[in-house]
There are 2 protein chains.
Amino acid sequence: METMSPVWPPQLTDTHLEVLVSNITDYQITHGSMLKLLQTDELHTVLSNPVGVTLFPTLFPLELFNQALTLQKVYNKLYAAAGEDQDWLHETLKDLIAIDPLTGALWSIHEEIERKESVQDLILGIFRSDYMLHIDESIRSKTPVLKQVEFNTIACAGGIHSNTVSNMHHYLHRSGTYQLTQEEDIETLNITQPQNNVLDTISSGLAQAHSMYISTSPHKTCVLMVVQPNNFNIADERPIEYALWDKGIPTFRIEWGPDIFLHTQLTEDQTLLYHPPHKTQPLEVSVIYYRAGFQADEYDANGIKMRLRMEYSRAIKCPPVLAHLTTLKKVQQALAVPGALERFLEVDEALSVRKTFVTMYPLDESDRGEQGRKAAMDPASAEQHVLKPSLEGGGHNIYGSDIPLYLEDLPPDNWNTYILQEKITPPAVTNYLMSSTGFYQGPVISELGVFGVCLWRSKKAGTSSRRRVEIVKELDPCCSFKSKNADVDEMSVVKGYGCFDSPALVEMETFVSCSGST
Amino acid sequence: METMSPVWPPQLTDTHLEVLVSNITDYQITHGSMLKLLQTDELHTVLSNPVGVTLFPTLFPLELFNQALTLQKVYNKLYAAAGEDQDWLHETLKDLIAIDPLTGALWSIHEEIERKESVQDLILGIFRSDYMLHIDESIRSKTPVLKQVEFNTIACAGGIHSNTVSNMHHYLHRSGTYQLTQEEDIETLNITQPQNNVLDTISSGLAQAHSMYISTSPHKTCVLMVVQPNNFNIADERPIEYALWDKGIPTFRIEWGPDIFLHTQLTEDQTLLYHPPHKTQPLEVSVIYYRAGFQADEYDANGIKMRLRMEYSRAIKCPPVLAHLTTLKKVQQALAVPGALERFLEVDEALSVRKTFVTMYPLDESDRGEQGRKAAMDPASAEQHVLKPSLEGGGHNIYGSDIPLYLEDLPPDNWNTYILQEKITPPAVTNYLMSSTGFYQGPVISELGVFGVCLWRSKKAGTSSRRRVEIVKELDPCCSFKSKNADVDEMSVVKGYGCFDSPALVEMETFVSCSGST
């Protein structure tokens, strides 16, 4: 006699699919789970589309989810510390500083501000550590482990969308829209759906920093959110601004560009004033929250001046330029070098973090770099790797067999701006994806981003260039969660590959029985 | 020396307009202030547009706003009472019953359910009384008074959109996006912007009715929201469903159509059960909230059967069929007949309500009807009137000089299905409108809708066919508010004429100095 194995998510009839999709799009339209279609932007209106989402929460092992959440405290400590260690950062980034325009620009800003005594010792970190599940095929295990994809320290996005989609999945479940029958029942699989309060966490972090800012002028204080112009993904930014207003905190968006010169002013005593249009009274900026300034093309001569004005100020920066620099993949690779973590962490902490690292190589002249270049150029081993620009953010990756050809075309001087990362081989589970590009049903793989929000005090430690970190506030971690067709390399939601999602947490045994290899 | 008179809203530079519009569309996209573009509906996505809105709140006299809110209690009493007086209703509607399909269908349903003893004495009213400002040119007054456009007792819409737009105007003000200078300052004009909690009021009304329902089965209870299929205006309905779920009340949308036969069941003891797809356990319906069933084409043989099944049940109806019938414009006209109000109200109450009536005529064989037909056919007096179908809802009106020609083409037997209403001549104030159809700047006129939410007990009064009303719950009134180009007759938001708005309340003197005639 066959026993029926649990099924997640359920098979959908055409009717059920239609009902589900109509409930989902209605929920999205009424909850700002949207992307603007910028090309339709007219003075009086603009079209928008629901952002790509999964129909059901995607299975994910409870213990690895908890592991990622627990680890965030250690990651916060690690990146806060790395962002206060300018010698180590310089050593790590010096080759990049010489040849990569963004790293060079940021480092020059750092050097410039180092000339003055800092007037603000509080720093706000809003970090996101991204993970995928990984099956180590070499040991023939079917049990996945958690592996870090990257760590982000500036303009971490996706959280608000994930918050909304998590709420949506909860709504669809409790309203019975999933029409679950016995064997696929959430209770049978013992699925838990965690609450995910990203909006509250990020806005609370900004509010706490704001409340700890010591004002020096008679003016009201405000949070300044520096944003990119013409962003079609405003639904991931605007709710933070609204939430801060709801907490009674004046919050102003300012576009990266001439508006910063027009509307801000750095006083003698390094107070940053914001002059809203038409108001006679300026406000004093308590916190600068960067959702811009992370791309090379933002740092022309004016871009550097803008960042300098803000960095010089006594406003609490989220993040300041050194903490910003730790977002580079080069830093991630350097932290993976044996022994590197122990500079910043206790031995047991280092161990717990290192477990989530995949093998990473620089492509420089070092011994390790030599190994990396070999691994990259050999077609068989290239297959097991991803070539990533040492820079911030996702995208622009070269996968597997494309790597040797790509590197051959690249001037050897530039190899250094890439790192080689062992390919993560995630197990696939089933789900349904829908986005403006189409509908998909089949194996999917997920990426878990854990948000770490912490406020630290940076303290001089004698004559050392390395400053001490005292974490003064740390909020409970929360998540972004995205899934994509298992056959696609990229996770970009913007390009329609990735879909916002929420995790359906299950015991490892259940997960393994429901998953397959990709 | 000229003194600068206060200006509202401010003149906008091109830059300010752009900033304002971008803030507005972003707010709308992130708060569900949207209309679906049904023609773009695909399985995996649908486009949507921000709904038409005003850029600023529109000036409105504080005292008339307060008058409308205060009056709502009397209107609730009036319409609850009229909806319990079947003899009066029959007398009022008998001609329409004979020739108008919707009235006929609803009356036949009423007669059918009258054959059984009612098992539910609680009734929920969610009413909306619509007003415009009126300048009586015959007395050369520049001071407007409040005049009722119509009274709605079923599927009252627009409230959720108005709630959102009111919140948006508050946000734009407190965030400084209006860039107000001194002479146009809200404080100079002493403008107040009332809070408008329509979503909370309507969902609380439904929740209170739900909590007072006495269940007869072992099943869980739920609210059933009966909706029209393919509604592009889901943003005015869905939030009510979500709010009820947030209060822990299971709430299900069911489309007017075959689903009602498929998914509901009337038991022997008149309990209405709702069977969600795939669930083995049905739920017992506590409250039926109609957002459908108000159009003639919904009452084919099956439509009548559906409504009958729901009306027979012990669920609390919002509204039951008799209260539904009071929404007809014929009832509004009958209540305006001298002496009619005193049947339902105290003398002082009748007086306060009558003040808001414009002159209305039937077009029937009565003496008053004779006057009406004269007024309609004379080109000069027709100019001062609107011809309205005696039925529910807005639209299909014939204005001024079009009336005589229209009536000439109409078979005289059908004249009876129209009422003639004195044209309301509202003062115009300035505002900016934006919607998917375009941008407008200039004189606008507004319509204020006051929501009355009340729960009453219907009591037998001896042998009289007229039942006694005991109001058991009554919520504070809240509003819808819309404005349109002063040159357009229709207010329809759907057709892109009307825009959702919120009132900027000012002293009468300020209003008069800022307004002009249309």
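The exercises below, with worked solutions, concern a predicted model with chains A and B. Local features need pLDDT of at least 70 and side-chain atom pairs count only at pLDDT 80 or more, whereas totals for chains, interfaces and linings use all residues. Residues are numbered from 1 along each chain as its sequence is written, and side-chain values use heavy atoms, with hydrogens and water left out.

**Exercise 1.** Determine how helix 1 and helix 5 of chain A are arranged.

Solution. Start with the axes, which are lines fitted to C-alpha atoms over the stretch in contact, with angles from 0 to 180 degrees between N-to-C directions. Those of helix 1 (residues 14-30) and helix 5 (residues 159-174) of chain A come within 11 Å and cross at roughly 140°. Helix 1 of chain A is therefore oblique to helix 5 of chain A, given that angles under 35 degrees count as roughly parallel, over 145 as roughly antiparallel, 65 to 115 as roughly perpendicular and the rest as oblique.

Next, list the residues in contact (heavy atoms within 4.5 Å): helix 1 of chain A contributes Leu20(A), Asn23(A), Ile24(A), Tyr27(A) and Gln28(A), while helix 5 of chain A contributes Thr164(A), Asn167(A), Met168(A), Tyr171(A) and Leu172(A).

Definitions and conventions. Chains lettered and ligands numbered in written order. Helix = DSSP H or I, 4+ residues; strand = E, 2+ residues; numbered from the N terminus. Least-squares fit on C-alpha atoms with pLDDT ≥ 70 in both.
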